[in-house]
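Trainee: Could you walk me through how to read a few features of a model? I would like to start with the core and then turn to the backbone.

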Amino acid sequence: MYTMKKLNQVWLAAGLAAGLTVALCGTAQAQMRIEISGVGSNQIPVAVAGFADEAIAPQQISAIIKADLERSGAFKLIDAGVITSMNNIDYAGWKAKGADALVIGTVAKAASGDYEVRYKLLDTVKQTELSQLGLSRAPQYTRLTAHTIADDVFLKLTGVRGAFSTRISYVKEYDKRHYELLVADADGEDEQMALRSNEPIISPSWSPDGTKVAYVSFEQKKPVVYIQNLITRARTVVANEKGSNSSPAWSPAGNKLAVSLSKDGHTQIYTVNADGSNLRRVSNSNGIDSEAQFSPDGSSIYFMSDRSGGPQIYRMGVDGSDPKRITFSGNYNISPRISADGKTLAYISRRDGNFQLYTLDLASGQEQRLSDSTDDQYPSFAPNGRYIMYATQAGGRKSLAVVSVDGRVKQRLTTQAGNIKEPTWGPFMQ
Amino acid sequence: MRKLSSLAFVLTTAAILSACSTPVKISEPPPVVERQVEQKTTPPADTRTVQPVETKSLDPLDDPKGVLANRSVYFDFDSYVVREDGKPVVENHSAYLGKNKARSILIQGNTDERGGAEYNLALGQKRAEAVRKAMTTLGVAEGQIEAVSLGKEKPKASGSNEEAWAQNRRADIVYK
């Protein structure tokens, strides 16, 4: 894998309520600048101590854990210094400092070259151990170890699986002549290039097993859908019919995709096996049907259609049966995405000329606007359903943003060179 | 003057010397070729029939000042109908494709930058299809045309203003 040039990075945490800007930490191997604004509604106070001997590892594990937890907006971090001994913890003392939970750990180098990281999550109120993990990984996976620990802390303290160890993929565009499909950790770090092209790349979508990304490439002077195996570099043409081929979406089982093709004279939705076989037309309208997304149970497809005039979001059976309109507010609703529990629909709506991120509670019909910028596109749910990443634009630069589904916590990820867009959040990995 | 005359002398001398270096051989006899039998079997030349010669004609497609040099059809905002100013472009290329059945084209539809990438891709497709249908109505074979879309991804004009957007609401004819 090709590793991107290292850039300088500053992490900023801006407490909106407090109006403060606090420099958290600086790490090596940083490609992105992250700005955080807002805090969660009910922050859990947690102290993350420096891990014993962590300086021997390539990255400072406790700093990565702290950054993950801080970014989530779900925690109030309490300064803890370094704790060198995992025993004889002064629970009452930590409680007095305001911490409900304490994260401690040790780092050791094994003869194999792996780093052995032991961690404990302690409940200072009940004075008990909430969790512990022992992780042994090669040096290049030190960041992953830290993210895995942050995931465990998030799960044990909030009851929701953390997504810090998941990855994202997105497109970086330089001066309209150079495009890259990139893969990075969910925090934008450890960026790796999967594809470089002189022609546009759009609509990336992770396979459910996390080993492949489907996307649309213009390298043949027209949009063609490919699947690329990130590990083997093997590329498969999924759809290259006469006309345009676009908008790939994986079925939950990962064995087939929905795609949008113009082969019948106007853009309609088809399903196709992941090897390109068994192409079948699914939607049937006189307008544009595109941007298909399978429901998590695989029984239905959400999609965008302008059959009623402007683009709106609809749902139909996977065989195209019984299409029903889902969105009714506004006259331009596109890019539907469905949360992993199937309960929340995220989409982009144009209101007063601005393209912004909205969610719709499918049970109650309650709509919520989650962004306040002017050109937001291409939302993607975190696999735990708690955050949505999307492309945004400010000052002529395209960047990525993340917002919690309650709208309270926002982050923006920008790079020093190029424009980044079309993010897709990868699945939980084993 | 002195310099010029001395230059002339040098040149003349050089010319004489170079002439001397390649003497003409006059002693060699011309080769003798026996052709009598062949000449007898050849029929007498037809002096009345003219054999035509065709110069390689310029493909009108390659004429930078010809009508086929214009390969862009522009569209109004939110419109997918070929405008009056686009009809000659469609007609000229249809006539060429009608005469040159071996040639085929891509029609690449484009949109301005506003809105989602995939929806714009589908809207660009509508523009490409409008040009395709106009051409097939004029008799161009379906097999010679492929209508595709580049959506908002390949703008001809950069800038976020009406002038740039108008340039980008376009379908381009690209010969394969």
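Trainee: Which residues touch the most other members of the largest nonpolar core?

Mentor: Keep in mind that this is a predicted model. The largest nonpolar core has 41 residues, and those touching the most other members are Phe51(A), Ile65(A), Leu69(A) and Ile149(A). The top contributor to this core is helix H3 of chain A, residues 142-158, which supplies six residues.

Trainee: What is Ile65(A) in contact with, leaving aside neighbours within four places in sequence?

Mentor: The partners of Ile65(A) are Val48(A), Phe51(A), Ala146(A), Ile149(A) and Ala150(A). Another core, of 21 residues, lies apart from the one we began with; its members include Leu68(B), Phe75(B), Ala147(B) and Ile173(B).

Trainee: Where is Ser203(A) placed, and is Ser203(A) buried or exposed?

Mentor: Ser203(A) sits in strand S13 of chain A, residues 201-206. Its relative accessibility is 2%, so Ser203(A) counts as buried; the cut-off for that class is under 20%.

Trainee: What about Asn278(A): what is its phi, and where is Asn278(A) found?

Mentor: Asn278(A) is not a glycine, yet its phi is positive, about 60°. Look for Asn278(A) in the loop of chain A between strand S19 (268-273) and strand S20 (280-281). With a relative accessible area of 41%, Asn278(A) is partly exposed.

Conventions:
Residues are numbered from 1 along each chain as its sequence is written. Chains are lettered from A and ligands numbered from 1 in the order in which they are written. This is a predicted model: local features need pLDDT of at least 70, side-chain atom pairs count only at pLDDT 80 or more; totals for chains, interfaces and linings use all residues. Side-chain values use heavy atoms; hydrogens and water are left out. A nonpolar core is a set of buried Ala, Val, Leu, Ile, Met, Phe, Trp, Tyr and Cys residues joined through side-chain atoms within 4.5 Å. Buried means under 20% relative accessible area, exposed over 50%, partly exposed in between (1.4 Å probe, protein chains only). Helices (H or I, at least four residues) and strands (E, at least two) are DSSP runs, numbered from the N terminus. Contact means heavy atoms within 4.5 Å.
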